[in-house]
Each structure stands twice: as structure tokens, then as C-alpha cells.
Amino acid sequence: MAKILTALPQAIRALVCACLTLVPHALPATAQGFAGMGSDADGFQLPAPGRAFSFPQDHGAHPGFRIEWWYVTANLEDAESRAFGAQWTLFRASLSPDPGEGWTSSQIWFAHAGLTDASRHFTAQRFARGGIGQAGVMAQPFHAWINDWAMIGRDNSAEALDNLQIQARGADFAYDLALAAEGPLVTHGEGGYSVKSPRGQASYYYSQPHYHVTGMLDLPEGPVAVTGTAWLDREWSSQPLAPSQTGWDWFSLHLEDDTKLMVYRLRDAEAADFVPGTHILPDGTAQHIPDGAITLTPEGTAQVAGREIPVRWRIQWPDKGYDLHTAPLNPQSWMDTNVPYWEGPVTVQGSHSGKGYLEMTGYE
Amino acid sequence: MTGGRAGLLALLSHWRRHPGQALTLLLGLALATALWTGVQAINAEARASYDRAASMLDQQGRPVWTRSDGAPVRLDTYVTLRKAGYPLAPVIEGTTRIGGQTVTLLGLDPLSAPILPEADAQNTDGTDGLAAFIGPPGQFFGAPETLARLDQTVAQALVPASDLAPGLLVGDIGTVSRLLDQPDTLSRMIEVTALPAHLPPLTDLAPQLTRSQPDRRAEIAGLTGAFHLNLTAFGFLSFTVGLFIAHGAVGLAFEQRRAMMRTLRALGLPARTLIALMAAELVLFALVAGTLGVLLGYLIAAALLPDVAATLRGLYGAPATGTLSLRPGWIGAGFAMAGLGTTIAAAQSLTRLLRLPILASAQPRAWRLASTRNLRRQAGAAIGLIALSGTLAWLGDGLATGFVLLGALLLGAALLLPPLLAAALARAVKAARRPLPQWFWADSRQQLPGLSLALMALLLALAANIGVSTMVGSFRLAFTDWLDQRLVAEVYVDTGTPEMAMRLRPVLDSAAREVLPRVFHDTRINNHPGAVQALSPAASWRQTWPLLDATPDAWEGLAAGTGAFINEQLHYRQTLALGDEVRIDDTAYTVLGIYPDYGNPSAEALIGLKAFQQQFPEVPIIRFALRMPPGDVAAFSARLRSEYGLPAAQIIDQSALKASGHAVFERTFAITRALNLLTLGVAALAMLTSLLTLSTQRLPQVAPVWALGLQRRHIGALELLRSALLAAMTAVLAIPVGLCLAWVLLAVVNVGAFGWRLPMTVFPGDWIRLTALAILAALAAAALPARKLASQPPVVLMKGFFSDR
């Protein structure tokens, strides 16, 4: 049995990888798309600048694009101020631009859940076939699900993502969190058109960073009531990163001055790293931070799953006087999924203090 | 240890002087090991391959979820269960025609983590596995021979996977659901991991589902077990034949080295050291012979395996591959058997060596003299063993008894052969009137001790031959008859659901001459797990349903609902006889008939259709056997498919199935014939080596006859005649032994192992052929020694008189 058995997880891994790094290894190589072109050589749609989001439809799936995700990270605390982090991510991948139906649907779905405290990090994943109802996303009322995991719009709010319930369960943990938005949706890049490389690769990218969270964690020792903040990312695209882009380091930070900062570094083996970001003001307005304004510098590493991972970072944005130092809640926040990566809550010190999430991919 | 070293060299020098004897010993051991190893290798390979394939089919014994009414599982049920957290994987299975061939398609969803087939070639670009598997166009994994038969019209990429059963293609569930036109139903679901604790209860979600451990593997194991057991029995017999040769060679070498051993002992070599040296020598032989034997065994297995694999596939549907790989199991077993064989062959000689008096003179003729005394003892032992086997056959049953019985019978028969032959020859001497016949018989008797081991080997080979041929032949007749009787209907239709059954019933009624409902239900029989099926007492069944035993009014009782038929397994397992009461669930029935149910591992009973519907009203009848002109079958199934959307997998045409069943036995016979010929060849070799050895010692006996005027050519012809006569006598004795052997295999071992007994059929034509073959083998074996005697220069014969012997 072993041969294809090992080959298939590899393939799934490649698809996960495709979602995480926008490099669909699993799929035939594509012609490099450029802005303005409607579809790539394989018939998938490509992001184009100047397209306005249309909600609630855009909360749902975009099967004409290769890859898409619904990504929630939450910084939580129990009554004794013990810190926790929770992650819930649903990925969609399209094997062909022809959507198909039933079993012949070209859509496949997978999901990751993580739950972190200072000493433990729990991980679980789910896989599902598209087309038969085992997984999917409905825009209004909002409902994203895969097997027994779900992210459900709790009421028919004007904005479908305003009130969400998210549930996930692994072999040794579970959580059930209620998210209530306290601010508007935020777009990244140019009105949601987020360029990923100077060579033109891009995605559609918006967020809901303003959630207040209440909920229950189910831990091996028993249930724990928690409250906190959460951040939801929505992104879809069809284009690979540039071949030399090997991974990324991504921050979403809630700072104590009520501003929020999203910044990531796309590491490039052959060129300078690409570091764009978004600054979100207390009133919810978002400002695109172009590449080059912020510097991300690793400050300390940890041995994680047999590799050296930069878990402490310095974030410098001299234009606005930001000089931040991040530290992980748990340096071993390793997502031991088919494609492994680091994702966990961080605390922020320095010119501003706060907390947030750090995701690091591509550390093979 | 210089004494030891010198001793060993002295002992080994014997083989240098008698290379023929060394060759005999090596060949005997090697052939014994080879036949055993070959059979083991075949068995190991076949088992491993259908273990692999079975683990794919039944997903390594994971529990299977199906609907309790036998209908396909609805896709939305699957989705509901997955959304509730049940770790299930969907399966769609069905038969259809693609690429110009009828194939079984197995559709799996790689994302629900089932076990997927193994491709023969490692996909170097493993990253495209999932996308390529799902497609479009998708992939089909299949055995290379299955893929080779498909024509170019298959859109999917074909991936060779030798582990898969012939005629089976495994692909993505999307591909298979489209080809079988089953978008909304599943054949079954597999529980891929243990169920988590928190799941909502199944009764709320899908109360119509049942969860069962797959029994497919058990069925295959039960069926193929019979075949493997028979092969193993054959291997064991062959081993015994080889052992006789080795025993003969070791014994002879010991006799011829008596003088040397006495000298060594007289020179001060302790008896212990001498025995240790002999043992070392034997270990050496065992190692060399073991290596040779394992190699030969590999060749035998490699030659026979494709046929065995084909047989297993065709006969039992057990997927077996035709390629052989080295497995430590049978290689180890081969060496162990070589060692064991050497030990057994040498045990007698070594114990004699221990008792060897230093000053006893060399007695070249002591062998023959002792053997007349031995003959009586041997006859006594033989009769004891045969009596034991008779008692066991009378009293005992069960597998272990069966094997002890086999051993006692064969050993007894072999030991009895020399005394019987000696008695027959003694009678012939007395009956002979003229001097030449008198000399001929007396001389034959004189040679008997030297030949008896070879003749015993021949007896065993012939008996094994007759026994196994009879068994396979009986098996074939019983099985094909049974197939003909049980598969009486031309078409079997599974309507899938009670609704479909209601809808189709008028169609079936109008198209078929007779519609016979078929329904099975798992229940308890006399408080043990079992199955019950309903049989309408229609004419078709009455005329053909095979019954081993029945009361005169059996069918009337079945129709009236008062009686039941039970299968043979239930009959043996619960010692139920005709007229006994059998409780099916909570209702009592009288046993009116016992029917053969080959290959079914479980207890089963059969009641009338009316009684069944009264007792189990909740079980819907959705399967039907249809009698119709065979010519109408194709058009009728096409109509069911196109007009009523019945999947091809649910319409089974039996004629094709039967034809393949019949073809399979021809291959089984091919294997049996090959093994028979090999065993006979070994026996012939034993005769050849014995005769060669004797021919060198026979000068003192032949020289006087020559001196009295008998021509050398004539002497040679007499040698040939003697061999043929001895072989013929042995063959005649082998027939009853072989028949007993077949009887034990069919009536004791098979029942003990599998719970069913095969009726024995004898094939006298085979016996004549075998006797002729045995005589031919003996003539071939005697040809060289006879030629040697016939062309002996007169001066050598003259020397016979000068020799002090």
C-alpha cells in the first residue's frame, strides 16, 4: 500500500503548501499572469486591480480561483489571566477551473485548528471533498464548514461576518468561540488587491480584525472559559509566488493604542525580501504600508521540530516611530499538519505594547 | 583436535571415493527440501498477495458500514455522518464495461484517508499524485494483466498495481461514480479510525445503518485455506520421499564405513568425537543440500506460481500475483527442513555408531542378513501403524487427528512394502520350476534390502500422486456440480431498494419464466451466530438444489413452513441430524435436509419463503433469481440498465461466472500434474542411485550366472525386467494407499479444517496411467545400471570368482 499512500499525503501536502505559500506545486506550471489579464493559461481567474469587493457574495467561495482561505486567529485569556491562542483555518483548492458537480467537483477542502498555551500546542486537521456538501462556504447567512468543524454566522446581521461562532475539535482538545465584530471590514493593498511580489503576483485580501471573543476551550484537564480578541483574514488567488520566494513571516498585531498592524515578509532567495503591510487606525480606516517602509529582523531563534525557527522579532517602522519586539507565548507553536509551519500567539513590547499572532512558513 | 581433524578427513575421504553416493545424499536432501520449499514459497506468496489486496479491499479489516436492508447508502447520509464527526470513508463498487472489458470498479475518496492501492512504479514526481488521481481525467490502478486487456477507449490514466485482483480497477470515487452512474449512493462506508467518544448517537442520524467487521478476508481465508492445505500436504509427502533417499544414502555410507570407523576407534578416537565428526559432516551436507534445495524450490515455485495464482484468482476470487519474491519465512523453513531431514535420515545410523563394538569385524553381508530379521520387526511396526491409523479414522475427527492419521498411514504403508514384496518374491521362488526363473526371483529377493528404500520412496510418490489427484478430481467434480446446481438461474438481479423491487417486480415477472426471490438475514441459530435464507419451493430449486441428505417429504415440509434445511457446516458444527430441532432466532424448525455449502465459513439454514416472511417481516426482499432463455439475458440486462437505471453491478449473468470456474480447474490440474511428475522424478532418482550402488556389489551374484552360459545382454534385460516388476508391484500396492490418503484428505482433514466434506470420486484410468508411469520411471532408473552390467568385460566378471567376497 505504501507507495501511493505516501504519495498522496505528499500531494495533499503540496496542495496545503500551495495555499500557504501561493505556490501550487500540485498543479501544472502556470504562465506568469500579469495584472489585467482575466485568466491564466490553465483557465483560472486572476486577481485584477480596481475590482470592488461585493459583500456578502465575496465572503463565499470563488471556485474560479485556484486557492482561497478563511483564517481566524484569536488571542485569549481565562479568568486568571492565563494566555491562550486559537487558530481556525479553512482552505479551498481547485484542481481545475471546471467546477464540476457532486463527486466530480474540482474543489477540495482542508482545515487546520490550533490551540496554544504557554506550555502546550494542540493541532488538528480535516480534509473533505467538494461538491457533496461535506465542506463548503455559504455567504449569506454565513456558514463555513468542513466535516464537524464550522464557522457559522450567528444571526442575519447586515454584515454577514459580524457575529460568528467557530468550532473545532481535535483528538485531545476542542474549542467553541463566539466572535462579535466591533469595527468594519478592512481591505489590504490597493482596495483589496494585494501585490505579493515586485513581479506582479497578487491576491484579493481583506480582513475583519475587530472581533471581541468569548468562548470555551476544552482542554485535557477540563473546560476553560476565555475572552479576548480575534482577527479574520480572507484571501484568494490563482497565482504562484515568484519561484524564488520561499516562505513568509506574517504578523497581525492588536496594539494598546487601539491601532492594529498587519505586516509580512515574503522571503526571496534571489532578491530582496518583499515586506508590505496595513496599518489600521482606531476608527477602522486602513492604510497600506508599501514595501520598504517596515523592517523585520529576527532577534532570537528556537529549536522547533528539529529546525531553527526565528521566534523573536523586531519590527521597525521609523516613519511612524514604531519599534516593536515580539516574543512567542509558546516557542513550540508548531503546526504539525501535512505541511508543517509555525503559528502561535505573540506578545509585543517596545514603543508600543500589545499582542497578536505570528505565522511563519517555508522553514523546511 | 588433530585426531579429530584427521578423523574428519578420513570420514570425508569416503565421499571422494564414492562421489555417486555423495551426490545421491545431496540430491535426496536437496530435492526433498526443494519440493517442500517450493510449495511453501507458493503458499507464502499467494497468502501475502491476497493479504495485501484484501487489506485494500476491506481496508485492513476496518469495520464496514452498510444499510441493514441491503440498499445502497445514500450520499446525504454519508455527508450527515461526516459533518457529525464520524471518521468514515466512502466506497462505490460496481461492475461495468469499460475499454471493451467487464471490470469491477472500486471508487475511493483519497481525502477521507482510506488505504489506496500501491503502484508498481514509484511515482518520481509524487507531488502530482492527488490531482492526477482525482483528475480529470483521473487514474485507474489495476493489475498489469487487467490493464493490458483494456483497449484504447479508457480516458483515465492506467497505473499498474500488481497487488490488485484481476479484473479490478481502483480509481477516484468521482471517476467511478460517473462511470457507474451512481451520483447519489455509496456501496458502503469504511470506518477509517476508531470512533471518537463525543459523537452524537447514530440512532438519531442514520438508524438504518449497521456496522460490521468485514468478512471478506475470512471467506477468502476459508476457501483458499483448503487449497493451501492440500499443497502443503503435497509438499510434505514430497519431502518424505526425498527423505527416504537421503536415509538410504546415509545408511549405505555408514555401512560402507564401518571398517574405517572401527579403525579410527581402534586408533584411539573416542566414540563421542567420532559422533561429533559424523554430525559435523552431516551439518555440512545439510547446509549444502539446504542451499541447493532452496534454490531449486525457488525455481519450482517460480515455474508453478503463475498457474497457482491463476487458480486462486479464478477459483476463489482470491487475488494472487504470479510473481515470486524471496521471503525469509520459506527460506528459513527450507533450511530447517534440510536440517531436520538430515537429522532424521542420520538418526538411525548415529545411534548404531554409538553401539558399534570396536572389535566387531567388518560385515559386508551383515546388511542383508540382518534385514531378514529386520523385515519381521518392520512388518510388525507397519501393521501397528496401520492399525493406529485405522483406529484414528474410526474414532477421531479434527485436524490434528487427520494429520497424525496421514502420517501413520503413510509410514505404515511404506514400512510394510519390503516385507510384502519379500513375501511375494519368496512365493515366486517356490513357484518357479525352471532354474533361470528360480534364480531370477531369488536374486530379486537378494536385492530387495538394497532397493527397499527406493521402492518405499516410489510407493509414497505414487500414493501421493493418486491421493492428490483423487482429491483434486473429486474437488473439481463436487465443486462444478455444486456450481451448476446452486447457480441454476440465468440472471441474478439486485434491485437495491424495496421501492425499486416493487417497481421492477412486474417487469421481472413478465420477462422471466420463473422469478425466485432471494433473501438472506443474519440471525442466531440455536443461539449461535448464523444466517438464514429463504427458498421458494419452486420447481427450479426442487429439481436442482443439491442436498447431501434429506427426508422424503423435505420439500413439502419446507413449503409448509415447519421444516428447515441446514448447511453441512451447521450439520458438523452442532451435530444436527435429520429430524432434529433447530431454532432459528426464536422459532423451532425440524431439520429436513442437509445441503453442501462449499466455501461458506458460517452456519446457515434455509426456510421456506412464506415462513421467512412471517418470521422476519421487516427484512425486505430485493434480490431475485430469474429463469429465462439464456439468449434473452443480454437484452434483458441492457433493458434493466437503460430503462430502470439499475447499475450493471446489480445484474449478474451466471454463465460467464460458471465458464471461468470450469476453466480454473484445468489450471489446478496442471499444477497437480507438475508436482506429481516432480515427485515421481525424485522417486525414480532414488531407484537409479540404489540400482547404481547395487550394480557395483552384484558381481559375485552375476558372475556365476554368466559362467553358466547366460549372455550378458540377457542379464541386462533381466535387470530391466526386475525393476519393472518391482515398480509394478509397488504401484499396485500404492493404489489402496493413495485412495486411503485421498479419503483422509477429503473426509477428515477437510472437515476438520473447513467444516465441509467433499464426496470422493475415483479415477481408475489415472491408476493405469500412473502404474505405466512408475514402470517407465523404474525402467529409466534401471537402464544405466543394466547397461553397465550388460557391457561388463568378461575379465571383470571373472574377477568375481577371485574376490574374497
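What share of the contacts in chain B with a separation of 6 or more comes from residues 24 or more positions apart? The figure is 83%, counting two residues as in contact if their C-beta atoms, placed from the backbone, lie within 7 Å. This is a predicted model, where local features need pLDDT of at least 70, side-chain atom pairs count only at pLDDT 80 or more, and totals for chains, interfaces and linings use all residues. Residues are numbered from 1 along each chain as its sequence is written, with chains lettered from A and ligands numbered from 1 in the order in which they are written.

**Chain A**
- Chain A has one helix and 23 strands; helices (H or I, at least four residues) and strands (E, at least two) are DSSP runs, numbered from the N terminus.
- For contacts with a separation of 6 or more, residues 24 or more positions apart supply 53% in chain A.
- Mean pLDDT (the predictor's confidence in each residue, from 0 to 100) is 86 for chain A, with 88% of residues at 70 or more.
- Residues 1–38 of chain A sit below 50 in pLDDT, yet this stretch has 108 contacts beyond near neighbours in sequence in the model.

**Chain B**
- Chain B comes to 25 helices and 20 strands.
- Buried residues are 46% of its 805.

**A look at Arg149(B)**
- Arg149(B) belongs to helix α5 (residues 144–149) of chain B.
- Arg149(B) counts as partly exposed because it has 15 C-beta neighbours inside 10 Å.
- Gln101(B) is 48 residues from Arg149(B) along the chain, with 7.2 Å between their C-alpha atoms.

Note on methods:
A residue is buried if 20 or more other C-beta atoms lie within 10 Å of its own, exposed if 12 or fewer, and partly exposed in between; C-beta atoms are placed from the backbone.
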